[in-house]
Structure formats: C-alpha cells, structure tokens
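Biologist: Hi! Could you walk me through this protein? I'm new to reading structures.

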Amino acid sequence: MEYVALTGLSERVIAELKQNRLLTIEIRNPHNFFAAMNLTVGEIIFLTRTSADDLTGGTTGIVARLLKHQVVTQRVMQSGEMYYEERETTTLRLQLDPRCIARVRRVLSNKIGEVSKVDAEEIPLYNAQ
C-alpha cells in the first residue's frame, strides 16, 4: 500500500508507537513538515527512525492513522539593553494512533522539496521480531 512517509523520528517515538500508545508528536524538520502539511485527519501514514537519505526497500517502521492535525506558531522574544530580538517558529502537531509494523517494498519519492512516499507492506506479528 502507498503511504506518505515521515522519516528520522526519534527512537523514543517509534518505541511508544510500537507499544500501541496514542501519541502526539511535533514536526519541525522541513522535509517532514512539508510532507505532513497537507495530510488530512483519518489518513494512514508510515513513520520510521531511518533518515530520509537512508530510506530504502526493507526499511521498517510504524503505520499509523492521523487523528488530529494542528499548525502551531510560537513567538519568542528576547531583549537586553542593546538589542531586541523576536522569532517565530511554526510546527505541526500530529496525534497518531498506531496500527501495525510495516516494511518498505520500494520508495516512490524521496527528493528534497517533495513529499516522501513509500509502498509498504504490513509485517505479520510473528515476522516482526
């Protein structure tokens, strides 16, 4: 099945998803940000700790359903006697409901500036170890 892929996630995030825990993550990485920007609630996605550069056939990850999608902008201000600095950061908050473990059959797209997509298959529980 074809999925949008979010890559380079932390081992902690993947471990919690493997334990079938509902989880909300924040996306700051530009490659993942643009991939996740146009996702819709209910969509099924593929998540892996493998970096985008290393994504190949055989890469394992988690398939999860997107429950919530929220764009969050934070403003940070710093000042001193001689300066004033204001910064904004925009992140995506995604609430995920894990479904299963999967393995990439082939990478469909993975170029910078494009949405990463993979063709992945569910791994039966007895093969996942």
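Predicted model: local features only at pLDDT ≥ 70, side-chain atom pairs only at ≥ 80, totals over all residues.

**A chat about the core and the charges**

Modeller: Happy to! The largest nonpolar core has 21 residues, and L6, I25, I27, L47, L94 and L96 touch the most other members. A nonpolar core here is a set of buried Ala, Val, Leu, Ile, Met, Phe, Trp, Tyr and Cys residues joined through side-chain atoms within 4.5 Å. Buried means under 20% relative accessible area, exposed means over 50%, and partly exposed is in between (1.4 Å probe, protein chains only).

Biologist: Which elements supply at least two residues of this core?

Modeller: They are β1 (2–6), α1 (11–18), β2 (23–27), α2 (30–37), β3 (44–47), β4 and β5. Helices (H or I, at least four residues) and strands (E, at least two) are DSSP runs, numbered from the N terminus.

Biologist: And what does L6 touch?

Modeller: Leaving out residues up to four places away in sequence, L6 touches I27, N32, A35, A36, I45, F46, L47, T48 and L94. Contact means heavy atoms within 4.5 Å.

Biologist: What share of the residues is buried?

Modeller: Of the 129 residues, 36% are buried. As for contacts between residues at least 6 apart in sequence, 64% join residues at least 24 apart.

Biologist: New topic: how many salt bridges does the structure hold?

Modeller: There are 12 salt bridges. A salt bridge is a side-chain nitrogen of Lys or Arg within 4 Å of a carboxyl oxygen of Asp or Glu. One of them pairs E86 with R75, at 3.0 Å from N to O. That pair links distant parts of the chain: E86 is in strand β5 (residues 84–109) and R75 in strand β4 (residues 60–79), 11 residues apart.

Biologist: Is E86 buried, exposed or in between, and what about R87?

Modeller: E86 is partly exposed, with a relative accessible area of 43%. R87 is partly exposed as well, also with 43%. The side chain of R87 meets that of E85 in a salt bridge, at 3.3 Å from N to O, and E85 is partly exposed at 34%.

Biologist: What about D97?

Modeller: D97 forms a salt bridge with R99, their closest N and O atoms being 3.3 Å apart. Elsewhere, salt bridges that share partners join R105, R106, D119 and E121 into one network.

Biologist: Last one! What is the phi of N20 like?

Modeller: Phi of N20 is near 60°, a positive value in a residue other than glycine. Most residues other than glycine have a negative phi. N20 is in the loop between α1 and β2, and N20 counts as exposed at 56% relative accessibility.

Key. Residues numbered from 1 in each chain as written. Heavy atoms only, no water.
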